[in-house]
Amino acid sequence: MINAVNDGVWSGTWVAQRLGLELMGDDELTELLGLALRRNPKRAHLLVSNVLGKHVPQSPSVVYGYGFALGRRVRELLGTEEADEAVVLGYAETATGLGHSVADGIGSAPYLHSTRRPVAGVTAAGGFEESHSHATSHLLLPENPALLAGDGPLVLVDDEFSTGNTVLNTVRDLHARYPRRRYVVVALVDMRSAADAGRLEEFAAEIGARVDLVAAASGTVRLPEGVLEKGQALVARYEAESAAGGASSAAGASGPVAQFPAPLEGVHRSAPSGARGTARQAPTDPHPAVRRIDLLWPRDLPDGGRHGFTPAHRARLEAALPTMAARLAEALPPGARRVHVLGFEELMYAPLRLARELEQVVEAEVRYSTTTRSPVLAVDDPGYAIRSRMTFPAHDDPADGPGERYAYNVAGAGFDAVVAVVDSAADTPELHAPDGLLAQLAVHTPHVLLAVVPSYVPERPSMLPEPLRGPAFSSYAPEEVGWLLQDLSDVTLEAPTEEREEAIQSGGAHYAESLPVEYQPSEQYQELFHAALGTTATRIAQAVGAVTELVLAERSPRPVLVSLARAGTPVGVLMRRWAQFRHGLDLPHYAVSIVRGRGIDANALRWLAAHHDPADVVFVDGWTGKGAITRELADAIEEFEASDGITGFDPEIAVLADPGSCVRTYGTREDFLIPSACLNSTVSGLISRTVLRADLVGPHDFHGAKFYRELAGADVSVDFLDAVAACFPEVTEAVDAQAKELLSADRAPTWEGWAAVERISEEYGIHDVNLVKPGVGETTRVLLRRVPWKILARAGAGADLDHVRLLAEQRGVPVEEVGELPYTCVGLIHPRYTRGATGADGKAVNV
């Protein structure tokens, strides 16, 4: 039965009358929702669900039934074939149990929920912001990243769909990383305003995907002017009265106030047995009123969807539930008529299923709700949804530090017993403290039972593989570089350039999931490479020396060079050679993968942290364009620190050339021809660009790459290195002078390259900075790997662009001279490319 009313009064009456709110919509809306006020600077009112199991104790069968029924509706909407490919994503903390129930209703869908609890050793696969919430940041921490990488429908579940901002933020983040064709949004109530109603459809059209909405009921809240300020004033007034110990009228009391008993002595309680996880030693000073129940939770069974919950996990849970519920039933006091199962913040599904199973085997009335982080005003009035509030300290060592937590409508509800279900990460001294949750429950019920579900943490591999080295992998000598990659040489990954471009721009594939067919240079083009090397080797040698001296002076006296594969690798080898030539240093050098939109290889960082001091690591790349990888690396290091707790890596990249003015550590900021940009694998140790694809790269694998052994006859990798290194003796004095000048100069990035790219993107009607590739090196890549539209060349540019002009002529791409250009040249990828498509100027691409 739904507790829609208290004493015949709708539980939203109190707020509606005082703030002038109106709840309009389906007939069942007032049965599903009440209203309360919350301490939140962004939104005054709170829609309190009667069927969610968060703030209002409810029959667990009702709570589970609503989610399961929504899942059945999703299955009908999708059809059997698409439903069997669906993945469900629930929102923390409020909808973790609802989302899991929806996944059960769909039947075969794996489930993942977002979390606000970082877990050491687990890399975030994404994140987003919930703008109106009291705690906004969400993380996605799947044990297997492939969970989000499929192309089946993604079902997003929240308790209410109000503005749509949270869903749009989620889809925007995930679609950039894991594009798919279809999304389904599920909510108990759709409460969008008329102004917000069309945003979802517009966004779906923008990303080229279908988005459906499934809700149990719909309506809107009409808010009068000044409602936020009026609500805040009401909250301040009633909380001040509560703190003063006054205001006992029915319309104003803050509800039963928990009294904290003195510390009590008790017997030692054994730690919970069961799954691998983060179980701690149980406190030794329990209150006699609290009894610990060992559920015999199945070993290695996740406690919820924080890291993913598969159909196989569901089958194991279903098989174990009868035994666990029987143990709870045996522990209940004889004659108990009203029993409450209290879950814990994000841990909603496990206690819900335990409560529902318990409801089937005992005669007592069973109710279910959970604790929460959300601060809500309590008013003991029949027309108000939150009649009582217990406040207690956080007890799970949260990442955002200590703070208050709450349990609503439990105090004063007359329960004969309360079963508190927490995960082992939350079974801390704070839980058992005199002012903790258990002590406060003991004030309001004669029997408190504690059931601890072991917190599931994905296993990490005991050892990551050693770096790959030549000649088995790459044509470089083994001491020159170690590749923190896995060898995918036997996998067919190449696709025609036009097919790749169409798939990338349509959102059907990420560029890192396949490889372009390796460009085989003509004899004329090879002659250009050797001519360029002959004229620029000295210039490159001076830049190599200068950037290496900056690194040694400012970053570390014995740096660990970590090149961003693959363009950074030849530069890293040359920097290592300079350090050996000039200072007698034998520096470690590795190559790692970084992928735009997906970040750096976290397993490579873990390997580096296990073998070197992260503070000594210096990331190396060939050159900067607009600075996208610079930003990608900074974001990736921040995510890695949050997920693994490993700090010390400096995201600042050292580059040979910084024409985009994106970094502080560089050899030059001139945009000139670096011959290694002219070729692909044949100047990079015969190694392909790196690959990140979920079916090939698991959660404990390095990113992949191929070794093109068959191209050995065309390989000039070592020739390039030797030609530049041969110039080291003649540039020593120039390097010393240049390094001294750079060390005393203001090298703060201006990001003028990024600004130029944004301007060019708009001027040429492209409207996507990812399709604008500035600088000689990036322009060359466009011509070798992508579908070029046109090349912008600085007027008067000379031999630095000979190879660009030749490639453009071979591909039928126009070269347009531009008077004022901060780069020597800029390559424009064909916008909105499909085979046979036209560009922004109406001209068909010539491929």
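Q: Why does Asp 722 count as partly exposed?
A: In this predicted model, the relative accessibility of Asp 722 is 38%. Buried means under 20% and exposed over 50%, with partly exposed in between, so Asp 722 counts as partly exposed.

Q: Why is Arg 577 called buried?
A: Its relative accessible area is 16%. The cut-off for buried is under 20%, so Arg 577 is buried.

Q: What makes the pair of Arg 577 and Asp 722 a salt bridge?
A: The closest N and O atoms of Arg 577 and Asp 722 are 2.9 Å apart. A side-chain nitrogen of Lys or Arg within 4 Å of a carboxyl oxygen of Asp or Glu is what the term requires, so the pair is a salt bridge. Side chains of opposite charge can pair when their charged atoms come close.

Q: What makes Lys 54 and Glu 93 a salt bridge, and where do the two residues lie?
A: Their closest N and O atoms are 3.1 Å apart, and the limit is 4 Å. Lys 54 sits in the loop between strand 5 (45-49) and helix 3 (60-83), while Glu 93 sits in the loop between strand 6 (87-90) and helix 4 (96-106). The two are 39 residues apart, and the pair links distant parts of the chain.

Q: Are Lys 54 and Glu 93 buried or exposed?
A: Both residues are buried.

Q: How do you know that Glu 816 and Lys 790 form a salt bridge?
A: Their side chains meet at 3.8 Å, N to O, and the cut-off is within 4 Å. Glu 816 is in strand 34 (residues 815-818) and Lys 790 in strand 33 (residues 788-794), 26 residues apart.

Q: Why do Glu 816 and Lys 790 get separate labels for accessibility?
A: Glu 816 has a relative accessible area of 30% and is partly exposed. Lys 790 has 10% relative accessibility and counts as buried, because buried means under 20%.

Q: What makes strand 33 mostly covered?
A: Of its 7 residues, 6 are buried.

Q: How do you know that strand 33 pairs with strand 34 and strand 35?
A: At least two bridges are needed for two strands to pair. Strand 33 has 4 bridges to strand 34, running parallel, and 5 bridges to strand 35 in the antiparallel sense. Ala 793 stands opposite Glu 817 in strand 34 and has Cys 825 as its bridge partner in strand 35.

Q: What puts the buried residues of helix 20 on the same side?
A: The buried residues of helix 20 (residues 752-763) are Gly 753, Trp 754, Ala 756, Val 757, Ile 760 and Ser 761. They cover an arc of only 160° around the axis, which puts them on the same side of helix 20. These residues pack against helix 17 (628-644), strand 32 (772-774), strand 33 and strand 35 (825-829).

Q: How do you know that the span of helix 5 agrees with its number of residues?
A: At 1.5 Å a residue, the 13 residues of helix 5 (residues 165-177) should span 18 Å. The end C-alpha atoms are 19 Å apart, which agrees.

Conventions. Residues are numbered from 1 along each chain as its sequence is written. This is a predicted model: local features need pLDDT of at least 70, side-chain atom pairs count only at pLDDT 80 or more; totals for chains, interfaces and linings use all residues. Side-chain values use heavy atoms; hydrogens and water are left out. The expected span of a helix is 1.5 Å times one less than its number of residues. Buried means under 20% relative accessible area, exposed over 50%, partly exposed in between (1.4 Å probe, protein chains only). The arc is that of the directions from the helix axis to the C-beta atoms. Contact means heavy atoms within 4.5 Å.
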